[in-house]
Amino acid sequence: MQVKLSDLGSRQRPSDITRLMTFALEQPNMLSLAAGFTDNESLPIEEVCEVVEEIADSGAMGKTTLQYGANKGRNRLRSLLAKRIRSFDTIDESQLDENNLFISNGSQQALYLAIQTLCDPGDFVLVEQPTYFVFLEILQGFGVNALAMPMREDGEIDLAGLERLLSQFESEGYLDKIKALYLVSYFSNPSGHCVSEKVKSDIGSLLSRQKEPIAIIEDAAYRELYYQYPFESRSSVVLESFNHLPVLYTSTLTKPYASGLKVGFSYCSDTNWLNSMLSVKGQQDFGTANFAQAILEHALSSGRFDTHLNSIRGLYKSKMLTLHESLGESLKSLGWEWKEPEGGLYLWLKSPSEMRTDGESQFHKSCIENGVFYVPGDLCYPGNEIRSQIRLSFGSLSLADIREAALRFLATAESMADSAIT
């Protein structure tokens, strides 16, 4: 006899990201361009060992890092991260209160807490097309509807179309059901797109004119993973048009340093929302792992973090170019399309003639048979409506394996093109 689950428990489905990661790990001969792992060989093991030794040498103070920590996070780490946001957004200390910043178990926990405390089943959250597919899973798990925003050809949000969408909900009496707008603003997962400051400001102005409050959740997980230059767009935390809106800005220290440490951070401008998230967080974990926080605190303050980050920027650019050039003109001649990103860990491909590339498609099955694996792009759209796009991740494979994976992918694309001709 099985236990009867709650409504929340009954809504849960196996996670796509967990499935993709498990599949990649369990297939030793499979070259995975799917799960967004970071580069294994560049993980800063020597630097982390040095930091741990420094923590151990600090005596009684070092021992406290093995004790429970504060729910909101280590004070010095929060101060360092607040300073980091100020530096990127070119503001002074008076414009960002570090008391509004908290540490989480990766940025993923912050996204989960945000929806858990903001939304009820049946509510709506506005999302880009495409968007981070794990966030769509979070919404589904809470019974919250992902509401696709109209998009322009250049990947920006269609502001006029969004205004019409909000007006429609208002005229039908459902505007209060739209609780948030989710924005993946820097070198996004999956498309690599960055949201311009003007578009952000216009979004803030539009939301400020609504009769019901709509929060902004800005996911900046890849903000620091640019290859050469940061994207010149300040965050919603400091833009004037967001001054009277609830804002959650969330990012991570795992992608730019060591993914296994699982430390993220968020800034929330709304005290009521912040306190609610912290209350739930305290019930979940009593605070993010204190020792992992201490390692990153020392890495940041000693300069090791930025030294490592500067080195992997060049590495990821090299990996991106290797995949981009290995696919190159041969794949484009078959009708495939993509743009060369300026940061992040992904290439975002569009198939020719809207050929299906979803998980049930022949193309996906043929890629697996040829020993290469990718994320079907339909996972990144509400309702899985677009089935002709692909996310390729180059983060974890070596340069040699990237070239081989590209050859396997290209061979599949060529065989499918030959099949279509015949």
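**Strands, helices and pockets**

Tutor: Keeping in mind that this is a predicted model, begin with strand E1 and strand E10 (residues 372-376), which run parallel and are joined by three bridges.

Student: What makes E1 and E10 a pair?

Tutor: Two strands pair if there are at least two bridges between them, and three bridges join E1 to E10, so the pair meets the condition. One of the contacts to look for is Leu31, whose bridge partner in E10 is Val372.

Student: Which sheet do these strands belong to?

Tutor: They belong to an open sheet of four strands in the order E1-E10-E11-E9, with mixed pairing. The edge strands are E1 (31-33) and E9 (346-350), each of which pairs on one side only, and the twist averages 35 degrees from one strand to the next.

Student: How do you know that E2 and E4 are edge strands in the other sheet?

Tutor: That open sheet has seven strands in the order E2-E8-E7-E6-E5-E3-E4, and its pairing is mixed as well. Strand E2 (101-104) and strand E4 (145-148) each have a single partner strand, so one side of each is left without a neighbour in the sheet. From one strand to the next, the twist averages 25 degrees.

Student: What makes E3 and E5 partners in that sheet?

Tutor: Four bridges join strand E3 (residues 124-127) to E5, and because at least two are required, the two strands count as paired. They run parallel, and Val125 stands opposite Ala180 in E5.

Student: Which strands does helix H8 touch?

Tutor: Helix H8 (residues 159-171) packs on the sheet and touches E3, E4 and E5, and its direction makes about 170 degrees with that of E3. Helix H10 (residues 271-285), by comparison, lies across E2, E6, E7 and E8 and runs at about 25 degrees to E2.

Student: Why is Gln389 counted among the residues of the largest pocket?

Tutor: A lining residue must have an atom within 4 Å of a pocket point, and Gln389 is one of the 35 residues that line this pocket, being among the closest to its centre together with Glu153, Gly155, Lys339 and Trp348. The pocket has a volume of about 1,000 Å³, and E9 gives the most to its lining, with four residues.

Student: How many residues of that lining are nonpolar, polar and charged?

Tutor: The lining divides into 15 nonpolar, 10 polar and 10 charged residues.

Technical notes: Residues numbered from 1 in each chain as written. Predicted model: local features only at pLDDT ≥ 70, side-chain atom pairs only at ≥ 80, totals over all residues. Heavy atoms only, no water. Helix = DSSP H or I, 4+ residues; strand = E, 2+ residues; numbered from the N terminus. Axes fitted to C-alpha atoms, helices over the stretch in contact; angles between N-to-C directions. 1 Å grid on protein atoms, 1.4 Å probe; cavity = no way out; pocket = protein on both sides within 12 Å on 5 of 7 lines; lining within 4 Å. Points joined across faces, edges and corners; volume = space filled by probe spheres on them. Nonpolar A, V, L, I, M, F, W, Y, C, P; charged D, E, K, R; others polar. Contact = heavy atoms within 4.5 Å.
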